[in-house]
Structures are given as structure tokens and as C-alpha cells.
Amino acid sequence: MRNDPVNIVIVDDSAVCRKFLSHVLGNSSGIIVSGTASNGPDALDLIQKIKPHLVLMDINMPGMDGFETTSRIMNLFPLPVIIISGEYTPQEVAKTFRALEVGAVDILPKPPGEGSPGFEKEISKLIMHIRLMSEVKVVKRNLLPGSPFLPLPTPFQSTVNPAVSHFRNSIPKIIGIGASAGGPIAIQQILLGLDMDFKIPIVIVQHIEAVFTDGFAQFLELTTQRKISVAYSGMILKPGMIVIPPGDTHLGFGSQGTILLNTSPPDRGLRPSVNHLFTSMANTYGADSLGILLTGMGADGVRGMSLMFERGAVTIAQDAESSMIHGMPGEAIKAGAAKFVFSLEQIQVYLNDINRLNN
């Protein structure tokens, strides 16, 4: 985490919100609010002059909204953008996730007012994300159209992946994917590249605010054209299913093919926890499982992946080059928990190879 102060710009059409965020963040150690803007054009002018480290961006603004403004920032002068949204309906959240497609690095709910329950916790979380995300390296992107959803990217096509030979006598019964920062787009890209007849059930734990869960599922459905199910206890996995847990809930297995949810204490502050998922997969499926750890901060999933590895499961960590933040997969590699280190494209190919062996 950086030691120098983080210079930020706040963009929101609400004067009350700009004043509130400027006050609470400006009084935080290590953050300097260098300026605020009430709309997209003013934000672009201000950012060009100030050259901040990071932008906090509202999504719903008249005229040039947060999606278009973020797209223009990433085209003109790329820098980390965190979307802060107070819209929690699945439809609005799904639209908000579009900002990640054009280069935003994170999405967080707008914090509650001072004196509200959870105020201190949410402000601390926002400050931590600002400091961490300010160090993310972003790249220049082409301007993208402001259509309701962007055109589907072309799935990656490749030749045979030599590592698939491991599965010639053992096809996994379950695939678990864990991710944090940068995960929504990484997951989207993997799902986009899978064969349409992909049969092995996939269970996904993405670190995400509970209020965004249903919208995240809808975002994945709309942009990958695959059915995404929010799990319930007792749900029976069927071929081709893709499942995520409800908000603020751990996901595991009661038996092979049967999902078990619980609200036991967070694992090192996280619920849902990738460690919880991977540990349950190791205990329930053993060598008949496959675990994938994608981009994200921290080390969630490493202990669970280590247990999967010990039980004979195949374990994959995303490589540094394709990760937005190589924290979680990097820690798994250091711990010797990853059998393979793959790019997102290699993961797509690997999973498709397995699926074709299963046909």
C-alpha cells in the first residue's frame, strides 16, 4: 500500500453527497480531496488539470453518466476509477457493472450518513479501497458505445492445451471459482469463452457487497448469455449450472451435488469466503474437483486451495499478467497450492478441453 497521500476527485451530481464525501474523506489520514465535479464534462476538465491518483464516480448523472465519463477517462488520461452507487435494484446494479467493462477498478455502495449504523465500518472500507486501488496499473482504452450493454467480446480460440491430459481418466464433477478485485470481468471473460454445451457445474464466490449480488448475477447473464443462479440451501446441482451464493452468505456442500449455505462468522472478515468454498469442495469432492483462484486482494482461498491440492484436486491460479491484482492467486502460487498458473485465455481453453473429453 502506498505511503504518500492519495489525491482524489469526487464526481457526483448531488451537492450533498459531494460535501459529505469531501468531509469524511478529506479528514482521513492519507487522502486529499483535490476537487469535486457535478457532471461528466466538468469532471474531465478537472481531471486533466489536477491529474489525481484516483476518481470516485457516481453512476447515475444527467447528461454524461458515470459509464460514459469513465469510458472517456480511460481513453484520454487513464487512471483508477471507483464507482460508488446508491442504486441497488438488480437492473440498476447490472448497468453499473458496465463501468467495469470500460475500465473502472471497483464498485462500492455509497456509505451511510454520519451516525448511521455501519458508518464507521463502511467509511473504513472505502478508505482502504481508495488506498489499494490507487496503485492499480490501468491502461488506455478505446471509447466504447453507450448502448445498454456492450457487444459480446469474441471468445478466445486456441489449440489443444497440453495440461488437459491430466483429466483423461478423471473428469471433475465440480468447478469452483474464487475472485475479489478485478473478478467480475475476469469471470465474465471465462464464461464468455466456454462452449455453449459446457456441462460441468460451476460455483463462483466473488467478493462483492451483498446489495450488489442479484445485479451481479444479472450482469453476467446479460453479457455472457448464460443462466446464473443465486443458490439456496438444498439446491441440487445439475449439468451446466452456474451458481453464486446469496449476499453475505458462505457456500459449501452438504453432499456431492447438494449446496449448503450458512451464515457462520466471516472468515477473516469475508463472507462469502473462497476458503469456505474450497475447503468444502476438498472435503466433499476431493480429487473430483477443480479450483480456480482469480485476481484479488489478500489471501482468501489459499488455505482452501492448499487442502484441495493435498486431496488430489486440480488447482489453477491466474497469472500475474492477466490479473488486475495478483494478491490471491499470487499467494496461492507462493504457498505451492496451484498445480497450474494460467492466463484467462488458457483457463478458457483448459475448461473447454475438459468439457469435450466429457462428451
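Colleague: In which hand does α9 pass α10 in this model?

Modeller: In this predicted model, α9 passes α10 in a left-handed crossing. The axes of helix α9, residues 274-284, and helix α10, residues 302-310, come within 7 Å and cross at roughly 15°. Because angles under 35 degrees count as roughly parallel, α9 is roughly parallel to α10.

Colleague: Which residues make the contact between α9 and α10?

Modeller: On α9 they are N275, F278, T279, M281, A282 and N283, while α10 contributes V302, R303, G304, M305, L307 and M308. By class, the residues of this contact of α9 with α10 divide into seven nonpolar, four polar and one charged.

Colleague: At what angle do α7 and α8 pack?

Modeller: Helix α7, residues 183-193, and helix α8, residues 213-224, pack at an angle of about 40°, with their axes 10 Å apart, and α7 passes α8 in a right-handed crossing. The contact is formed by P184, I185, I187, Q188, L191 and L192 of α7 together with F216, F219, L220, T223 and T224 of α8; eight of these residues are nonpolar, three are polar and none is charged.

Colleague: Which residues of α2 are buried?

Modeller: The general idea is that an α-helix has 3.6 residues a turn, so residues three or four places apart point the same way. In helix α2, residues 40-50, the buried residues are G40, A43, L44, L46 and I47, and they pack against β1, β2, β3 and α3.

Colleague: What is found at the start of α2, and what follows α2?

Modeller: At the start of α2, a side-chain oxygen of N39 reaches to within 2.8 Å of the backbone nitrogen of D42, whereas K51, whose phi is positive, near 55°, follows the helix.

Conventions:
Residues numbered from 1 in each chain as written. Predicted model: local features only at pLDDT ≥ 70, side-chain atom pairs only at ≥ 80, totals over all residues. Heavy atoms only, no water. Buried < 20%, exposed > 50% of the residue type's maximum accessible area, 1.4 Å probe, protein only. Helix = DSSP H or I, 4+ residues; strand = E, 2+ residues; numbered from the N terminus. Contact = heavy atoms within 4.5 Å. Polar contact = N/O pair within 3.5 Å; in protein donor to acceptor, adjacent residues only side chain to side chain. Axes fitted to C-alpha atoms, helices over the stretch in contact; angles between N-to-C directions. Parallel < 35°, antiparallel > 145°, perpendicular 65-115°, else oblique. Left-handed = near helix turned anticlockwise from the far one by under 90°. Nonpolar A, V, L, I, M, F, W, Y, C, P; charged D, E, K, R; others polar.
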